[in-house]
Amino acid sequence: MTSPSTMVAFSLSIVVTALAALAQAQTPNVSLLIDDPYYYDLAQSLDVRSLLPFVSLRKGAAFHWGSTYSYPAAAEANWTSEKFSTYWGHIVAENDCKWYATEPERQDFTLSACEGVSQYAAEHFATFRGHNTFWHNQLPAWLPGNVTASDLVNNVIPTHVSTVIKSLGWNVTSWDVTNELISDTATYNMTSLECVLNADRWPTVTYDGGSTPLVTNLSFAYAAWRTALMYDPGKLVYNDYSTGAQDAKTECVFQLIADLNINASIPYNRMGVGFQSHVGAQEGYYVPKAELETTFARLAALGVDALVTEMDLWIQANDTINQRYQAAIWGDYLDACLYASNCFEFVNWDNRDDTSWITPGDGHGVAMATLFDMYGNPKPVTYEIMARFARYAEGAAEMCATALGTESCTVY
Ligand code: G3I
């Protein structure tokens with residue numbers, strides 16, 4: 001006879017199996033370019049860099065496709081060097097240009113690591129983008145808390161932003177001038193100041209999440225942007241996560257860039273909006289291509305660039321259906337950028353799964369969120385990206401959104 005505890009365990013296992021099946025059912029079957037033998041063969045070389053001149057020719061301006069690097073050489077130095085010679089042609093410092101790394105003591109700058117990443121890019125005939133001059137996170141120990149509002153706005157920010165930007169010189173495609181100012185719980189109809197105050201982050205409070213106001217207006221952001229405008233010949237970027245859809249946080253981004261345009265006199269044609277795109281291969285955890293395109297087009301109408309700045313894409317399970325879904329979504333993000341008139345930079349965050357900031361067990365499915373696995377081997381998405389570039393370089397018309405699944409989008 002079956003004991004009650006065995007019955008409970010049996011019922012639980014049915015529930016768990018049913019839930020797992022449900023999760024799998026949410027992962028659609030997708031159609032990929034690499035299902036076509038022509039694109040499959042073409043993608044095998046993974047030599048995206050050889051295609052980039054043709055991509056740029058079609059775009060009418062240089063297209064920058066890249067990933068992160070940390071100075072000095074990574075543990076997998078040969079692998080990394082090979083990938084920045086063949087697959088990626090654009091580099092951003094993962095941490096080395098941030099405030100804690102560049103100005104560890106006030107007015108005592110240590111720019112060698114940041115410049116080292118830029119130098120590494122030059123050695124690989126790759127371009128370089130700057131990340132970042134102002135962020136509430138990864139601050140040096142002497143910040144926050146130890147400065148007054150007026151010192152911060154009139155001295156600390158202008159000195160930091162100008163010194164870091166000047167040290168990298170003229171060969172930078174764009175700088176993230178301010179990073180992640182806007183609240184995750186923003187609502188429609190907030191003013192730009194409300195969008196920022198609602199985040200409860202330094203420097204509108206003395207410490208993140210604190211209750212003591214420090215700066216009560218956007219003067220700190222204006223200071224960063226006005227300084228960057230003086231020294232950065234490239235695009236000046238507002239960079240944030242969980243943006244790009246038609247939602248309140250994205251609406252705040254539009255409020256903020258309008259505010260910077262009016263009150264800090266930043267011309268729209270010098271501005272870009274960076275969509276970090278730390279997303280997941282599950283409905284609701286990524287922005288559908290049509291929504292991305294609507295947002296990019298709205299920026300284009302203002303004369304503002306759109307950039308994908310930090311893409312990674314976790315998956316729910318490490319099986320074929322999820323790996324293909326990952327390829328479809330990443331491909332859609334790339335297509336949204338390629339076929340937009342104002343998108344010239346697409347940067348992926350972390351080069352391989354073993355060095356990703358997203359790790360298994362941290363709440364992002366099984367992670368595996370980068371373009372190469374933990375041994376540096378390519379995945380379906382790695383090839384699909386090469387195929388998308390090839391198709392664009394050939395002059396083909398934009399195709400449907402593959403993440404919608406085969407019911408709605410079959411690509412060949
Ligand atoms: O430098 C120390 C080292 O001395 C120490 O031994 C070690 C022990 O944990 O920590 C090292 O610092 C780490 C730092 O990266 C440099 O490696 C921090 O712990 C770690 O938290 C930090 O993580 C970075 C994270 O930003 C900080 O929020 C990630 O590498 C970096 O990928 C991530 O990047 C951010 C973007 O800048 C902005 N958008 C979100 C994105 C992902 O979080």
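Trp-314 is buried in this predicted model, with a relative accessible area of 7%. Its ring pairs with that of Tyr-285, the centres being 5.3 Å apart and the planes at 65°, so the pair is edge-to-face. An edge-to-face label requires planes over 60 degrees apart. Tyr-285 counts as partly exposed, at 46% relative accessibility. Trp-314 belongs to strand β8 (residues 305-314), whereas Tyr-285 lies in the loop between β7 (278-280) and α11 (289-302), so the pair ties together parts that are 29 residues apart in sequence.

A second aromatic pair, Tyr-339 with Tyr-392, is also edge-to-face, at 5.0 Å centre to centre and 85° between the planes. This pair links distant parts of the chain, 53 residues apart: Tyr-339 is in the loop between α12 (320-338) and β9 (343-348), and Tyr-392 is in helix α13 (residues 380-393). Tyr-392 is buried, with a relative accessible area of 4%. In total the structure holds 22 aromatic pairs.

Two rings, one of them that of Tyr-392, have a charged side-chain end sitting over them.

| Charged residue | Ring | Distance from charged end to ring centre |
|---|---|---|
| Arg-58 | Tyr-392 | 4.4 Å |
| Lys-59 | Phe-344 | 5.2 Å |

Ring pairs also build a cluster, which links Phe-63, Trp-65, Tyr-69, Trp-79, Phe-84, Tyr-87, Trp-88, Tyr-120, Phe-346, Phe-372 and Phe-389.

In soluble globular proteins, nonpolar side chains tend to be buried together. Here the largest nonpolar core has 116 residues, and those with the most contacts inside it are Phe-63, Trp-65, Phe-220, Phe-296, Phe-346 and Phe-389. Helix α12 supplies the largest share of this core, 10 residues. Phe-63, Trp-65, Phe-346 and Phe-389 are named both among these core residues and in the ring cluster.

Which residues does Phe-63 touch, leaving aside its neighbours within four places in sequence? Phe-63 is in contact with Leu-52, Val-55 and Ser-56, with Leu-334, Cys-337 and Leu-338, with Cys-343, Phe-344, Glu-345 and Phe-346, and with Phe-389. Phe-344, one of these contacts, is the residue whose ring lies under the charged end of Lys-59.

An unreviewed UniProt entry places the feature "domain: GH10" at residues 76-388. Over that range the chain is 39% helix and 15% strand, and the end C-alpha atoms are 27 Å apart.

Technical notes. Residues are numbered from 1 along each chain as its sequence is written. This is a predicted model: local features need pLDDT of at least 70, side-chain atom pairs count only at pLDDT 80 or more; totals for chains, interfaces and linings use all residues. Side-chain values use heavy atoms; hydrogens and water are left out. Rings of Phe, Tyr and Trp (its six-membered ring) pair if their centres lie within 6.5 Å; planes under 30 degrees apart count as stacked, over 60 as edge-to-face and the rest as tilted. Helices (H or I, at least four residues) and strands (E, at least two) are DSSP runs, numbered from the N terminus. Buried means under 20% relative accessible area, exposed over 50%, partly exposed in between (1.4 Å probe, protein chains only). A charge sits over a ring if NZ of Lys or CZ of Arg is within 6 Å of the ring centre and within 35 degrees of the ring normal. UniProt positions are given in the numbering used here, feature names are shortened, and annotations may be inferred rather than shown by experiment. A nonpolar core is a set of buried Ala, Val, Leu, Ile, Met, Phe, Trp, Tyr and Cys residues joined through side-chain atoms within 4.5 Å. Contact means heavy atoms within 4.5 Å.
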